[in-house]
Amino acid sequence: MPSRHRVIIVGADSIGERHLRCFLATGRADVGFVEPRAEVRQDLAARYSAAAAFESLEATVDSFDPTAAVIATPAPLHVPLATRLAQRGVHLLIEKPLSLSMAGVSNLAEVAGAKGAVVAVGYVYRAHPALAAMRAAVVAGKFGQPLELVAVAGQCFPFYRPAYRETYYARRESGGGAVQDALTHVLDAGRWLVGPMDRVAADAARQAIAGVEVEDTVHAIARHGPVLASYSLNQHQAPNELTLTVVCERGTVRFEYHANRWRSMTTPGGAWAQHGIDAPLERDTLFDRQANAFLDAVEGTSPPLCPLADGIDTLLATTALLRSLDTGHWQQTTGEEAIAS
C-alpha cells in the first residue's frame, strides 16, 4: 500500500464537505473533491486549500488517480458511480443508503471482488465507541441471547436542515423521507446488534413537516431471526434522541446516543450500571473515526466498519419496509421479491 492514500470525495453538499474535512484531518491522505457547480467548487477550494478541486469525475481519474473514493452524491447515483470506480480498483466508502433498490448492486459486488476493492457503506453509528462497546458485550454473550430489540429515535429535522424542501429529502425517488433519510441508520444499528432482519411490517405518515409529502413519522415491527424488534422514529420532536435497547436472557442493555453512553441492568428492580461517559462528542468525531477505520480497512489492518454485505442487508430491510408501507402487509427481506425490489 502507498504511504499516503489519494482519496476523492464525489459530491460536495453538506455530507460531502464533512467527509472532505474529516479525511483531511486523518493526516493519512491527499484529498480531492468533485463538484460540477462552479460556485460551490470555488467556495470549497478557498476554504479547504489543501484539497484538490475537480469539475468532473473524468478529470479526477485522469489527473488525481485516486486509490480510494467517498461516494456522497444523491443515492440514485451511488451504485453507478461506485461501479465505475471499482472497475479501476478504487476502494469505496459509499454514503447511506447504499442505493434505493437492488439494481446494479450484485454487479458492483462482483466487480469490486474481482478488482480487490474494499467497499464500505457509511453507517456512521458503527463508529460510536459506546455502541461498539455495547455490541461487543452482546455478541460475547455477556447477557445471554438477545430476545427483543426496541429502537426509539427523533429530532426536529427542519431545525437541522432548514433547506430540506430543496434537497433530496422532498421525494422518495431521490432518497427522501424519514425511512431512507434517518430510519435506515437505525435499521443498520439493529442489524449490527442482533443480526439480519427477516421480515417487517410498518406504518408511516407525514405528521408535521411542511412543504413535502414524504413521511416524517414511522413505526415498524420486525423479526431478526428469533429476536422481536420494534422501531419508532419521527423527524419533528424537540429532543434530539436515540435509544437502542436489547433485552437479553440475563439482562438488558441500552445505548443512548444523545448521552454518549450505554447502560446495563441485570437485577429486576435494580439500578442501571453506566458504561462510557455522559458528555457530548465533538461534531466530527464519528466521521473522523469512520474515515480512519476506512483507511485501516484499505490497508488491510481491520475489516470495514460496515462491509458491503451488511449494507446490502440494510438496503433489503429498507426496501421491504417501504413495500410494507405501500401494501399494508408484512414483507420479507429475503427471497426473489426482496432482491428484485
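**Entry 1: helices α4 and α5**

I began with a crossing: α4 passes α5 in a left-handed crossing. The model I am reading is predicted.

Next I looked up which residues make the contact. From α4 come Val79, Ala82, Thr83 and Ala86. From α5 come Val105, Asn107, Leu108, Val111, Ala112 and Lys115. I sorted this contact by class and found seven nonpolar residues, two polar and one charged.

Then I turned to the geometry. Two packed helices are described by the angle between their axes and the distance between the axes. Helix α4 covers residues 78–86, and helix α5 covers residues 105–115. Their axes come within 9 Å. The crossing angle is roughly 20 degrees. Angles under 35 degrees count as roughly parallel, so I noted α4 and α5 as roughly parallel to each other.

I searched the whole structure for salt bridges and got 20. I followed a few of them.

Which residue does arginine 47 reach in helix α1? Its partner there is glutamate 17, and the two form a salt bridge. The closest N and O atoms are 2.7 Å apart. Arginine 47 sits in helix α2 (residues 38–47), while glutamate 17 sits in helix α1 (residues 14–26). The two are 30 residues apart, and I marked the pair as a link between distant parts of the chain.

I also found a salt bridge between the side chains of aspartate 43 and arginine 47, at 2.9 Å from N to O. Aspartate 43 and arginine 47 are four residues apart in helix α2, so about one helical turn separates them.

Glutamate 17 has 16% relative accessibility, so it counts as buried.

My last stop was arginine 191. Arginine 191 forms a salt bridge with aspartate 310. Here the closest N and O atoms are 3.3 Å apart. Arginine 191 lies in helix α8 (residues 177–194), and aspartate 310 lies in helix α10 (residues 308–327). The pair therefore ties together parts that are 119 residues apart in sequence. I checked burial too: both arginine 191 and aspartate 310 are buried.

Which residues join arginine 191 in one network? I traced the salt bridges that share partners, and they join Arg126, Asp188, Arg191, Asp310 and Asp313.

Definitions and conventions. Residues numbered from 1 in each chain as written. Predicted model: local features only at pLDDT ≥ 70, side-chain atom pairs only at ≥ 80, totals over all residues. Heavy atoms only, no water. Axes fitted to C-alpha atoms, helices over the stretch in contact; angles between N-to-C directions. Parallel < 35°, antiparallel > 145°, perpendicular 65-115°, else oblique. Left-handed = near helix turned anticlockwise from the far one by under 90°. Contact = heavy atoms within 4.5 Å. Nonpolar A, V, L, I, M, F, W, Y, C, P; charged D, E, K, R; others polar. Salt bridge = Lys/Arg side-chain N within 4 Å of Asp/Glu carboxyl O. Buried < 20%, exposed > 50% of the residue type's maximum accessible area, 1.4 Å probe, protein only.
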